[in-house]
Amino acid sequence: MLIDSPRRQSSTDSSLYQPVSAHYFKRISSLMMLLCLTALPAISQAGQYYNCANATGCKLIGDSPATSDYTKTDYPIVMTHGLTGWTRLYNILDYWYGIPETLTSGGSEVYITKTTAAQDTEFRGEELLTQVKAILTVTGKDKVNLFGHSHGGLDIRYVAAVAPDKVASVTAVSSPEQGSKMADWVIKMVTEGSVKSGYGDGEFNKRSVAALNWFNRLGKRIDTGSGATLETLQQQDAWAAVVALSTDYNKRYFNAKYPQAMPSHYCGQPTATKVNGVAYYSFSGVGTILDGITNPLDPSDYMLALTGLSFPKDDPNDGLVSSCSSRLGYVIRDNYKMNHLDSVNQVLGIVAWQETNPLAIYRAQVNRLKLAGL
């Protein structure tokens, strides 16, 4: 763009230069605005959010212009839920409440996966791996950044262990990497109750069978509510799911088989943060309404205060997972003031008042991945 030169005038006649200077400023402003408008599409191209619960593949359910590139990672973000979790339930309630939208506004491409609601870790991990392969095919990328909440944190470890070439990073969120004392309590109640009722080893009394059947039906309803068809639903197994979350199972089997980035003992600190080219991270919280550090308006606080009673008093926890059990790889923090559902911004964004908002925690972590070239 050519800009007219000012007419030659006497250096003492400064008033003649003012209109020309204003014209010059106006042309420069127009040029800057044109450059901004040209750059805007590059920013707004990103910011997509997919639900991968469908039998036919991932479905775009959110596509909003990105306002920055703060969370624009090289590899897509893939998120997987915990026990009895969902993607977008009946097309209304997101499991990761507001988190995908927050990340897409910073340029992320986010995929929400669906595994069987109630199953063991390796079963769910294989389902997740199938979806990861599909996402890589669709995106043309070589790897993904995995996020897993609760049981999902074990699922993503499985995928990273058996297919490290497909995973750039793992971020476990409030995940029982060494099992949950709540799962131990459930197993104890079922087995001891069955023995007292005269049942043999491995047999359940009628009350336990009824409870497990109810849990299986709940899992199937959640899966269909997430968009999975009846033809693609896998077999629910509530007992296998509970066992997979127990401390004994993880100590004797899962962590022995998949030890990547794990501490050597309970309450220990991980020594490795990158294994087989995969970067490992974790964060979690502690506290319920009984600790006076969460939100009295949050209905989940009261339920999680009860489940938290299954933990010893010297084992800080979020109601379902202890701080010690949540540690994996680079521990961002294991003592955020939030209960187990606060870590996915539930219920409906009602979270602890005295702590960093979960949305900001996810933004910071994805930005950390971006800065690491992941």
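Mentor: Start with the cysteines: numbered in sequence order along the protein chain, the bonded ones pair 1-2, 3-4. This is a predicted model, in which local features need pLDDT of at least 70 and side-chain atom pairs count only at pLDDT 80 or more, while totals for chains, interfaces and linings use all residues. Residues are numbered from 1 along each chain as its sequence is written, and side-chain values use heavy atoms, with hydrogens and water left out.

Trainee: How do you know that Cys-52 and Cys-58 form a disulfide?

Mentor: A disulfide is called when a pair of cysteine sulfur atoms lies within 2.5 Å. The sulfur atoms of Cys-52 and Cys-58 are 2.0 Å apart, and they form a disulfide. The link of Cys-52 and Cys-58 is right-handed, with 105 degrees about the S-S bond.

Trainee: What makes Cys-52 buried or exposed?

Mentor: Buried means under 20% relative accessible area, exposed over 50%, and partly exposed in between, with a 1.4 Å probe and protein chains only. Cys-52 has a relative accessible area of 5%, so Cys-52 is buried.

Trainee: What joins Cys-267 to Cys-324?

Mentor: A disulfide, with an S to S distance of 1.8 Å. The structure holds two disulfides. The link of Cys-267 and Cys-324 is right-handed, with 60 degrees about the S-S bond. Cys-267 lies in the loop between α8 (247–257) and β9 (274–275), and Cys-324 in the loop between α9 (299–307) and β11 (330–337), so the pair ties together parts that are 57 residues apart in sequence.

Trainee: How are those helices and strands assigned?

Mentor: They are DSSP runs numbered from the N terminus: helices are H or I with at least four residues, strands are E with at least two. The protein chain has ten helices and eleven strands.

Trainee: Are Cys-267 and Cys-324 buried, exposed or partly exposed?

Mentor: Cys-267 is at 38% relative accessibility, so Cys-267 counts as partly exposed. Cys-324 has a relative accessible area of 6% and is therefore buried. The backbone of Cys-267 has phi near 75 degrees, a positive value in a residue other than glycine.

Trainee: Which other residue has a positive phi near 60 degrees?

Mentor: Asn-91, also a residue other than glycine. Asn-91 sits in the loop between β4 (88–89) and β5 (93–94). At 60% relative accessibility, Asn-91 counts as exposed.

Trainee: Why does Asn-205 count as buried?

Mentor: Because the relative accessibility of Asn-205 is 10%, Asn-205 counts as buried. Asn-205 is found in the loop between α5 (181–196) and α6 (206–225).

Trainee: What does the side chain of Asn-205 reach?

Mentor: The side chain of Asn-205 reaches the backbone nitrogen of Ser-208 at 2.8 Å. Setting aside residues up to four places away in sequence, Asn-205 touches Gly-193, Ser-194, Ser-197 and Tyr-199. Contact here means heavy atoms within 4.5 Å.

Trainee: Which residues is Asn-216 in contact with, leaving aside neighbours within four places in sequence?

Mentor: Gln-236, Asp-237 and Ala-238. Asn-216 lies in helix α6. The C-alpha atoms of Asn-216 and Gln-235 are separated by 8.6 Å, the two residues being 19 apart along the chain.

Trainee: What is the peptide bond from Gln-346 to Val-347, cis or trans?

Mentor: The bond is cis, with omega near 10 degrees. Val-347 lies in the loop between β11 and α10 (358–371).

Trainee: Why does Leu-309 count as exposed?

Mentor: Because Leu-309 is at 62% relative accessibility, Leu-309 counts as exposed. Leu-309 is found in the loop between α9 and β11.

Trainee: How much of the whole chain is buried?

Mentor: Buried residues make up 48% of the 374 residues in the protein chain. Among contacts between residues at least 6 apart in sequence, 72% join residues at least 24 apart.

Methods
Polar contact = N/O pair within 3.5 Å; in protein donor to acceptor, adjacent residues only side chain to side chain.
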